[in-house]
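Take a moment to look over the sequence and the model before reading on. Then follow the chain through its sheets, helices and loops.

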Amino acid sequence: MLKLRLVAALTLLFALVACPLQAKMLPYHINCDSGKGSLRVEHVESVTVRLTPQDGTCHLEVLDVQGNLLFQEVATGIQVSSVLHLTADRRRFLLVQGDSSPNRLSVLTIGPRPGILATVKNGYGFSVEDGCSDGRWHIWTADDAFQGVPELADVYHQDLFVPEVALDVRGDKLIDATFECKPHFDRRIASVRALLTAREIAAFKDHAIKDTFRSGQVKGYVLYIAFAYLYTGREQAAHEVLRKMWPADDAERVWNWMLQKRSEGILKHLEETTAMQ
């Protein structure tokens, strides 16, 4: 799953620069991959989860106490979370991820009135982590608007630098909560800044780094910092990063590109999900 590879790579990257301890990731409780394994049936409070591997695919059904079908998913891989408390009022949820193109995440309520709260699609997979400062579990992914874009073609392991996004449940909506995770991103920003010297930034601004591999690395670091500010709601700081660290003759183009791509990815998918409710 792309998200897991991304998390592993990020963990390696920031471990190398003595980043503070990474957030904990909550493993999915039930997994099915390419139709392998055997039938799983679990009773989870007010619902029954039935996961059936069959003919190279995974079939999931979620039933209420009367045996009525609440939700179903068919995909090459399916992961089901343990019971999660994602809201202050302690409502209980299950997350179901279907590995497809794009990946699908469905948020199911499992209290007295079980149902589907939201389904969102994204090119990167979804994980459950506690990296925000409130210590609660959030749903994390990366913005697929930047997946495989030509602008990052010269950045080694470009998926390391795709913006991360934290999602949360508010009321009956799945929302972007990345802005609430500023301390997490500020630690990341500090670690990445430590990889750059003033001399190297000046050389990058002047198109003077001769080693194309290193130039791509510096480009990735600068973009990561700008993305981190942008996705945590600090647009002015993100814009200032480009003014100070990006070639002056190209900074506004890249800024407009960042804003445009952000409007096309996971945040747009969330808006579409809300509009459908």
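The paragraphs below go from sheets to helices, then to the cores and a few single residues. Keep in mind that this is a predicted model.

Start with a sheet. Strands of a sheet pair through backbone hydrogen bonds, either parallel or antiparallel. Here 4 strands form an open sheet in the order 3-4-5-6, and their pairing is antiparallel. Which strands stand at the edges? They are strand 3 (40–44) and strand 6 (69–75). Each has a single partner strand, so one side of each is left without a neighbour in the sheet. On average, neighbouring strands of this sheet are turned by 10° against each other, direction ignored.

Now walk across this sheet, pair by pair. Strand 3 is joined to strand 4 (residues 47–54) by 5 bridges. In this pair, Arg40 stands opposite Leu51 of strand 4. The two strands form a hairpin with 2 residues between them. Glu45 sits in the turn and has a positive phi of about 55°. Next, strand 4 pairs with strand 5 over 7 bridges, again in the antiparallel sense. Last, strand 5 (residues 57–63) pairs with strand 6 over 6 bridges. There, His59 faces Val74 in strand 6 as its opposite residue.

Is Asp55 buried or exposed? Its relative accessibility is 71%, so Asp55 counts as exposed.

Now turn to the helices. Helix 6 (residues 251–262) has 12 residues. At 1.5 Å a residue, helix 6 should span 16 Å. Its end C-alpha atoms are 17 Å apart, which agrees. Which residues of helix 6 are buried? They are Ala251, Val254, Trp255, Trp257, Met258, Lys261 and Arg262. Seen down the axis of helix 6, these residues fall within an arc of 160°, so they line one face of the helix.

Helix 5 (residues 235–245) can be read in a similar way. Its buried residues are Ala238, His239, Val241, Leu242 and Met245. They cover an arc of only 150° around the axis, which puts them on the same side of helix 5. The face turned away from this buried side carries the exposed residues Gln236 and Lys244. What do the buried residues of helix 5 pack against? Their partners are helix 2 (182–193), helix 3 (198–205), helix 4 and helix 6.

Leu242 leads on to the cores. The largest nonpolar core has 63 residues. Val107, Ile139, Leu174, Leu242 and Met258 touch the most other members. Helix 4 (residues 212–231) gives the most to this core, with 12 residues. Leaving aside neighbours within four places in sequence, Leu242 is in contact with Val222, Ala226, Ala251, Val254, Trp255 and Met258. A second, separate core has 17 residues, among them Val47, Ile78, Val80 and Val96.

Finally, visit some loops. Glu180 is found between strand 15 (173–176) and helix 2. With a relative accessible area of 25%, Glu180 is partly exposed. Residues up to four places away in sequence aside, Glu180 touches Ser133, His138, Asp168 and Arg170.

His207 is in the loop between helix 3 and helix 4. Its phi is near 55°, a positive value in a residue other than glycine. At 54% relative accessibility, His207 counts as exposed. The last stop is Pro102, in the loop between strand 9 (92–99) and strand 10 (103–109). A cis peptide bond joins Ser101 to Pro102, with omega about 5°.

Conventions: Residues numbered from 1 in each chain as written. Predicted model: local features only at pLDDT ≥ 70, side-chain atom pairs only at ≥ 80, totals over all residues. Heavy atoms only, no water. Pairing = 2+ DSSP bridges. Axes fitted to C-alpha atoms, helices over the stretch in contact; angles between N-to-C directions. Expected span 1.5 Å × (residues − 1). Buried < 20%, exposed > 50% of the residue type's maximum accessible area, 1.4 Å probe, protein only. Arc of directions from axis to C-beta. Core = buried A, V, L, I, M, F, W, Y, C linked by side-chain atoms within 4.5 Å. Contact = heavy atoms within 4.5 Å.
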